[in-house]
Amino acid sequence: MGQLLLGIDIGTSACKIAVFEKNGSVIASGTGEYPVYYPQPGWAEQNPDEWWKAVCGTIRSLLKMNHIDAADIAGVGIDGQSWSAIPIDKEGNVLANTPIWMDTRAQDICDRINSEIGEENIFALTGNSLQPSYTTAKILWYKEHLPEMYKKIDKILQSNAFIAYRLTDVLSHDLSQGYGVHCFDMRNGCWNDDMCEKMGIPRSFLPELVPCHQVVGTVTPGAAQETGLAVGTPVVAGGLDAACGTLGAGVIHVGETQEQGGQAGGMSICMEEYVADPRLIMGAHVVPGQWLLQGGTVGGGGVMRWFEKEFADYEREIAERVGKPSLVQLNEIAESVSPGSDGVVFLPYMAGERSPIWDPNAKGVYYGLDFNKTKGHMVRAAMEGVAFSLKHNLDIAEDTGAKVEELRAMGGSANSLLWTQIKSDITGKPIVVPSSDTATTLGAVILAGVGVGVYKDFEEAVQLTVKVTRRHEPDMEKHRLYRKNYETYLELYESLKGLMKKI
């Protein structure tokens, strides 16, 4: 058996594919982009077949350009974005685009179901409040708004399960993605037939639950032809992207905490005991026998991507001449601004907001602008606003009794030394940075490696593969300075939420 492992990450803006050696070194990587569709306000959806097309093209190109023999790949691991609701028929055809994690179209359905069944009853079983961004609400939205399509549904799949199905023809639902469906018994790791009936979701829609590192099947001849992978290559179930990124950052022990800096933001705290709070997100870790207490925000690295796209024409124009990408230039002008951005505060609620406020009507806001403020103030305030959303979630988690001593950063945002230091200063927590760009795909391949026996267990896998590149200590003087802006951040939302809902 070969010793190479291939990871597939189904992100929001693109898939990332990477081939790893046993020691965690990346020998080849590539990305394949696909769009997000926004057909109406509050809607955000993607076409899963476009995910598959991007995956196939990227794997073929990666193997060919790097002269990798597909036979040397011992296993495939897959991670994917949360809360998909991919409807497929008995032939495996995708029946509709899936609303993604930032979609809030089903708020009225959630309000009704919470009233009919009882918010406390739903939370008691699942450890999560029923919100429109979860899978549950999307299934019920199909039922009410696409009845003819709904009749054709055979299964509802999550993002990583869909790719695994395309590779193996095997239907599955991994435990780390169970939390997206409010028929999932979090404590016992199984579907609850009684809640399925109360919710009006057919039990037959839900594939059997499997551990994240379990081999669910092998690459079929058809999938091999499309991807370039070898027929018979083992494929594990995989898991939630945030949970795989948590594993890839080396978080496998109680109290260790991942800080997420991808398109979305947030954190994941490793827990050995079931501790849930309706303001946060509770899920099974991809590591068996452990839970993750999570905060998930819409404002992560995507905030800076939005800002660069809309306001960095000048930086893009001179990027080649000065030898600095536009994002690096934005980082530099932000660094020239004092901590606290001279009173400018940003609410990073760019597609509503998830935890801990759970408000689909929340909007992004800049507060404190005047004629003395510059683009640098706006960039730095955006970075600080994302850090405030992280602190907000951490504060709630610590109120529940979770202990967070140190954060382990992952995602593209961790490449910014300034942004990472801002997060450390605002939260008052040390931050260590492993190989941030590959943490999520690394987590996926660790699952594959454990599943096929390349690693004897998760401890060995993390010891061999996770390597810390730098460490940030909080400046407690700046931490105290940021307190005033953090209080403004919290008060701004409380003052504006009524207006946001009205608008």
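A residue counts as buried here when its relative accessible area is under 20%. By that criterion, strand E2 (residues 14-20) is mostly covered in this predicted model, with 6 of its 7 residues buried. Strand E1 (residues 4-10) pairs with E2 in the antiparallel sense, over 6 bridges. The two form a hairpin with 3 residues between them, and within this pairing Ile8 has Ile17 of E2 as its bridge partner. E2 also pairs with strand E3 (residues 26-33), again in the antiparallel sense, here over 7 bridges. One of the links in this second pairing joins Lys16 to Thr31, its bridge partner in E3. The hairpin of E2 and E3 has 5 residues between the strands, and in it Gly24 takes a positive phi near 95°.

At the level of whole domains, the assignment for the protein gives domain 1 (4-237) and domain 2 (249-434 + 473-502). Taken over C-alpha atoms, the centres of domain 1 and domain 2 are separated by 26 Å. The two domains touch through 23 residues of domain 1 and 22 residues of domain 2.

An open sheet of 7 strands comes next. Its strands follow the order E18-E19-E17-E16-E22-E23-E24, and the pairing is mixed. Strand E18 (281-284) and strand E24 (470-472) stand at the edges with a single partner strand each, so one side of each has no neighbour in the sheet. From one strand to the next, the twist averages 25°. Within this order, strand E22 (residues 407-410) and strand E23 (residues 431-433) run parallel and are joined by 2 bridges. Leu407 finds its bridge partner in E23 at Ile431.

Helix H13 (residues 417-427) links this sheet to a helix contact. H13 lies across strand E16 (257-261), E22, E23 and E24, and runs at about 40° to E24. Two packed helices are described by the angle between their axes and the distance between the axes. For H13 and helix H16 (residues 476-502), the angle is about 75° and the axes are 7 Å apart. This angle makes H13 roughly perpendicular to H16, because the range from 65 to 115 degrees counts as roughly perpendicular. On the H13 side, the contact involves Ile422, Asp425, Ile426 and Thr427, which meet Lys478, His479 and Tyr482 in H16. Sorted by class, the contact of H13 with H16 has 3 nonpolar, 2 polar and 2 charged residues.

The axes of helix H9 (residues 301-311) and helix H10 (residues 313-322) come within 6 Å and cross at roughly 85°. H9 is therefore roughly perpendicular to H10. Glu308, Lys309 and Phe311 of H9 make the contact with Asp313, Glu315 and Arg316 of H10. By class, the contact of H9 with H10 has 1 nonpolar residue, no polar residues and 5 charged residues.

The backbone also has some local features to look at. Most residues other than glycine have a negative phi, and most peptide bonds are trans. Asp169 has a positive phi near 65° and lies in the loop between helix H5 (159-168) and strand E9 (173-174). Asp169 is exposed, with a relative accessible area of 54%, which is above the cut-off of 50% for that term. Asp342 has a positive phi of about 50°, although Asp342 is not a glycine. Asp342 lies in the loop between helix H11 (326-335) and E20. With a relative accessible area of 47%, Asp342 is partly exposed. The peptide bond joining Ser355 and Pro356 is cis, with omega at about 0°.

Notes. Residues are numbered from 1 along each chain as its sequence is written. This is a predicted model: local features need pLDDT of at least 70, side-chain atom pairs count only at pLDDT 80 or more; totals for chains, interfaces and linings use all residues. Side-chain values use heavy atoms; hydrogens and water are left out. Buried means under 20% relative accessible area, exposed over 50%, partly exposed in between (1.4 Å probe, protein chains only). Helices (H or I, at least four residues) and strands (E, at least two) are DSSP runs, numbered from the N terminus. Two strands pair if DSSP finds at least two bridges between them. Axes are lines fitted to C-alpha atoms, for helices over the stretch in contact, and angles run from 0 to 180 degrees between N-to-C directions. Angles under 35 degrees count as roughly parallel, over 145 as roughly antiparallel, 65 to 115 as roughly perpendicular and the rest as oblique. Contact means heavy atoms within 4.5 Å. Ala, Val, Leu, Ile, Met, Phe, Trp, Tyr, Cys and Pro count as nonpolar, Asp, Glu, Lys and Arg as charged, and the others, Gly among them, as polar. Domain bounds come from an automatic or database domain assignment.
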